[in-house]
Structures are given as structure tokens and as C-alpha cells.
Amino acid sequence: MKVLLSWLREFAPFDAPVERISHDLSMLGMAVEEEVHIGGGLDGIVVARVLELRQHPDANKIQRVTVDAGLADPVEVWCGAFNMAEGDLVPLATVGTTMPGGMEIGRRKILGEYSNGMLCSPRELELSDEGGGILVFAPGSAEPGTPIRDALGIEADLLWDLEINPNRPDAMSVAGVARDLAAYHDLPFALPSIQHPGAGPSTVAGVRLGAPDLCGRFTATVIQGVTVGPSDPTIARRLTLLGMRPINNVVDVSNYVMLELGQPNHPYDLVKVPGGVLGTRRAKDGETLVTLDGVERRFTADDLLIVDRDDRAVGIAGIMGGENTEIDDTTTDLVVEMAWFQPLAVSKTGRRLGLRTDASSRFEKGCDPAGIDRAIGRFVDLLGGTCEGTVDERGELPQPVPVRLRTARVNAILGTALAPDDVRAELEPIGFVVAAAGDDHDVTIPSWRPDCAVEIDLVEEVGRHWGYDRIGASMPASAHFGELTVRQYERRAVRRALIGLGYSEAMPMAFLAPGDQARAGLGDDGITITNPLVADESVLRTSLLPGLLKSVAYNLSHRLDDVALFEIGHVFRRPADPAADLPDEREHLGAARVGAEAPAAVEDWLALAEHLGLDAGIVAATSPGLHPTRAADIVLDGSIVGAVGEVDPGVLEAFGIAARVSWLEVDLGRILDRSYADRPFSPFSRFPSSDIDLAFEVDDATPAAVVLDAIRNAGGDLLVAVRLFDVYRGAGVAPGRRSLAYRLRFQAADRTLTDGDVAGARQGIIAAVQTGLPAVLRA
């Protein structure tokens, strides 16, 4: 659908910048596919009359054309189009002209003869996309030599080519586009005033409605005293710019009214319509009619025809008229048909015939049956003559039904928070009649909007005029089924932390063979299952240690020497109440690292505790299955929740493991029952750090964690990390004592540390540890 800005301004005072109008047309659902500025680049192009057409003997795709361009001598040009005849008025681009597209016209020699210019098509003039032939002016519309700007009445204007979707029949007219745009811009909208509203019922014409289910309204208007000739220059110019070729004033007014008001119509020569009677009926199978394009069409009983008094077909309803009633230069009296045809019937006939016209495209979408009266008056105003009267017959027309529009539903669909008055304010300017029903509305659909039938259609109208760009984009929330529980999320967080520490997850069986518990140094052989599936899996484990040691041994037997495995699983202990039916089942976390000693397990636990926001201490102690002097309890809120250390060498030998293995096991359920502590963000320092090692000799009874706390307390803000990396007993260390080696990292947030800074911090830590503990710095 093409519209001109100047034409739109006849309905509303559009004065916004062109860029905004283009944007708003697209936002209203009428996407701008092309924007053409009219009135530039036409200097040097004049009207010329064709004097002679001559075919060259050596060329069949071009012809020699002699034209009168208002100069002293005729002008001869070569032309590749053949749609003109002698006497036609055509545009000539003279030598030296620069075309709207930038091409310069020169004097060129073709087949030994010069071409002194170029005859132009509408596309070359950038008046329309039609490029199949030369633009031919209406006869007598201009004199040779008239500048084309004057001949077409071209002034500065803007042409938009809009994409109109099938659900917008109202936008298939200039008035419909203007109504929508005026409401969007809060401008007053007015249809053209009608000077000739009609002369009452006609005594000359008649209507016979033979298929009321396919034709809901049929009017025949008689206009007398018409002189067929050239159109008004404004009408001819607008039709040309919108891609239609002006023919004569009668045909051009018919097309103009259709484009302006969206009402297709067809004028018949009254003399060629016996008795002035028109009607409709279903076609007979095999019936034929030669249409205005000169093609014989064959019909079936599903097609609807326009017929005269004698039941002779004179047109295809809603698509095209017949050649037998065509307007010609002798026509003085007209009978003008305007009707409402059932959209699906027009669509089916058009598809079957392979015939689509401007009229059928509008009838297929749905025309306004109530707008026919205005279209008749506009036709008479533009054409002139005397309106003798109109015959109006009604068939089956769609009846408007109020639609309940819920404000809450509008907001739920659009994601807005509109008030009832906001909804009303968006609908009433585009013709909807809105009656309040509490917070909701009963909306009467205007006759020109057959696409709106249910509530969701009205929601779309509110959304269009409220402005989709005001709503914004958001992803609607969808229902979530099977969401993870909080404990499952926490368990996954533990898994991610251990994987980050270099562990891989293992999933040993929860059932053990008799003796596995004893081999792991756990003493109690666990709870025996009375009906095991396999005899070697008849004991419920009380610790994760036996299963993970089996997995470690299996990996070592396959030469995977640096394996680190963890498991999250259940352990089963004898219930405190002997009468209980079920064992005491708990969820534990176990982690084993091959080739690592007790400090590695301590470091892993501290990293995990920091990740979970836990403040759990480590107290030296003995633990089943662990080295008697390289083990500690993990204490949380005064209760033991796990153990950390190094697996006893005897246990490792029992499982066939030759390497040292660090071990960590905690009651996962108990530590996850604790709320995560707040962990304030600490920015990373961009300055370099400095590391030092300190080894202290302490009594075996002094826990490593106590020494660690003393170091942290004395280190201050400069100490950013400390870890135990070695425990030594042997030469150079007194009996009953051991050496604990710690690696300390110092770093400042605002500067690079000097040697003096590090030395001062080192001395402070040494003094604090030696003063507060029975500890001595080793040299």
C-alpha cells in the first residue's frame, strides 16, 4: 500500500518530522518498506507527443521514435519499449539531463543513428516501481514541451510504500492509514466532506440480489451528464505516483475513491446495461466472460458474478468487470456498482482464476459495508455530473457484537500497568465505541475493522497505540517443574568446590564385604543386611573410607598415581535406641588424595570451609583408620563433625596401597544445616606479594591449628595467606616434639612491600608464637 504525505495531510495536520512519521508507521504495524522523496531530479524532462514509430530492419528489440517536444524540429530517439502509440504523450529526457537516479543523458549513436534523449518509464523517473513500459500521460493533459513537473503537478512530497498485513483491512486506504496515524499523534482526524450526499432512490437503475449469502450489500448509483476526458491533474498525479496509469476521468475517479476510502467500485456504461439493472448470482459451470484485460474466464458454481437484467454476466464480483460494459469516449451516463462481498468467496475465485486485482485484495481482507454511502458521495463529488439516485439492496451482513475487554487481561498480556481510562483513551480515537463495565469495558467494533472479533484483538490494538517501544522487552516467566531443593543446590556447591581443588567424584557402593570395615581400621564391622543381593556386599558401611580406598587402589593398579577422589554418600550406624527399626543414616563427604600428607587434607578442608562460610576449628586427636599422630577432629560449634589427617600405613597396606594418602571426612548434613556466614567482598591487590617460610618446633600435644591461629593473629592486614606444608619428626627435633613448617604470604592493597615491611612482620609473628606457645623457631 502506497501513501503520499500530501494526501495524508488532507485528513489530519501532520507536521512531525518525516523521520518520526516513518518510525511511527512501522510501530503501528504498517512497516515502511520504501521511502521516496518526490520532486527532485526532474529538470530537463518534458512532455513529448509521439509522431512516428519506426522499426529498424536490423533490430527487433528497439524502435525509432520521432516525437514533438515543443521545439522547432522533431526529436528522434531510440526506445526499447513498445507500449506507446502515435499521438500518445510521453516524458522525454533531453540531452544533458541528469536523471533522478544520477544517470546523465547524452547524445548516443546506435545502429548508425543518433538518439537525442530518452523516453522514460515511471521507475526511471522514480515515480513508482512500474518499469515495464514508458509512462503515457492522459490524452490532452499537457502540451508538448511542458516540463514534467508542471504536467504532473509535482511538488515536494514524500511517498511511503507500506507493508500491510492481512489482519489490517482498514490500512488498505489512505483514510485508514491517516486515522491510525492521527490517533497515534493525538491529532484531529476528519474525512473529506461530501457535497453530494445522494438524490434518494433511483428510478432508472435496479438491483436484483441473487446470492445474499455472498453479497451482503449491493448499490447501483446512476450518474448522468458525464463527459469522458482527462482527469484532474492532482488525481492523475497521485494515481501515477501510487503506480496506477491514468486513463480517463471516470476510471481514474473510480481508482482514486478506492485508494482514498478503501471501497472498490466499478462504473458501467448505462447504455450497455439493459434497463440499468444490475444483480448478483452464482455462476453456472462452464460459463464464460471476457474481462477488461481481454482474457476469457471460465467459471464454476462456486463463483459469484455481476449480471444485468437479461442475466448476462458483466463482471466477476469483487475482482474485475467485463469488457462488454466498458466505459468509452461516448459514455455520458453511468451506473456505478459499490458492494460488500463475502471475503472468502472473492478469495477462492481469485485464487482459482489466478487473478488478483487492487479491488480483490481489499475485498479479501474485508471492506466496510457502512462506508459505501460516503464512497458514493465522494465519487459524485470528484467526477461531477448529476446523481439521479441509488438503489440499495441488503443481503447477509456481519452484525457487530460487543466484546468484553478486561483491563487486567490487557496488562497481563502486554506487561503494562494501564488504568481503565488509559485503555479507553487508546481505543476511542481509532473508532471503537467503549462503554465502561466496572474496571472493564464493553467495546463495539467499528464496521471498518472486521479483523477485530475477540478480546485478544482489542489487546493488540491497545498495545499498538500505547506503543510497543514504551512497553519494553522482557522474557515472560514460565512455570518451573522439578526445581532443585536448597540442599541440592548446597550439595552441588560442595561438588564444585572439590572439583576446583582437583578432586574427581567417585561413587562406590554403599555395601561392603565382611571384613572391609576392619581392614580400614574402623573396628565395628557395621550392620549386616539379612537379605543381600550379593554375599560380598552384605554390610552397610559406617564410613566412606573403605569404599574410597578400594577406588584408590583400583586407580593405582592402572598407574594413575596422582588420583584425588571424593564421594558424597550415606553411612549407616547402629541407632542409639536398640529398639529402633532403622539404622542411624547420615550423609557424609569423604575425600582422599594420593601422594599427599596430613597438611594437604587440612588445607583442602580450610578451602572448603571458606567456600561454605564456616568457621570450624581443627583439634589434634586420634581417629579410626588414620595415622595416630597425623590426625585431627573437625569441630563446629563445640561438636565434632568430622576428621582430617593421613590414612594409617597399616590400613593402606591392607588395601594394597603403597603411597601415602591424605583423608578428609565430614558429616555433610550437619555442616550444611548451618547458614552460610556473610563473606564481605575483598578486592584483589594489583601489587606483588612476598612469601616466607617459618618452621616452629612444638610439643606433640600442641595442635597445628593453634600455631596457625597465633600466626594469623600476629600477621595483621599484611598477611593474606598461611598454610601448613610440612610436619617433621626425627634428627634435630627433640623426642616428644615435632617441627611444623608454614608458608606465609604478605601483600599490601595500596603499595609494593619493602624488605623492611616483610622483615618487621616476620619478627612480630615469631615473637608472638614463641611468647604465646611452647614453641621455638627452627633455624
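## Salt bridges in the model

Across the whole structure, a search finds 52 salt bridges, each defined as a side-chain nitrogen of Lys or Arg within 4 Å of a carboxyl oxygen of Asp or Glu. This is a predicted model, in which local features need pLDDT of at least 70 and side-chain atom pairs count only at pLDDT 80 or more, while totals for chains, interfaces and linings use all residues. Residues are numbered from 1 along each chain as its sequence is written, and side-chain values use heavy atoms, with hydrogens and water left out.

## Glu10 and Arg238

Glu10 pairs with Arg238 in a salt bridge whose closest N and O atoms are 2.7 Å apart. Glu10 lies in the loop between α1 (5-8) and α2 (18-27) and Arg238 in helix α5 (residues 233-241), so the bridge ties together parts that are 228 residues apart in sequence. Helices (H or I, at least four residues) and strands (E, at least two) are DSSP runs, numbered from the N terminus.

Glu10 is partly exposed, at a relative accessible area of 41%, whereas Arg238 is buried, at 5%. Buried means under 20% relative accessible area, exposed over 50%, and partly exposed in between (1.4 Å probe, protein chains only).

Arg449 forms a salt bridge with Asp451, their closest N and O atoms being 2.7 Å apart. Salt bridges with shared partners join Arg168, Asp170, Asp180, Arg449, Asp451, Glu461 and Arg464 into one network.
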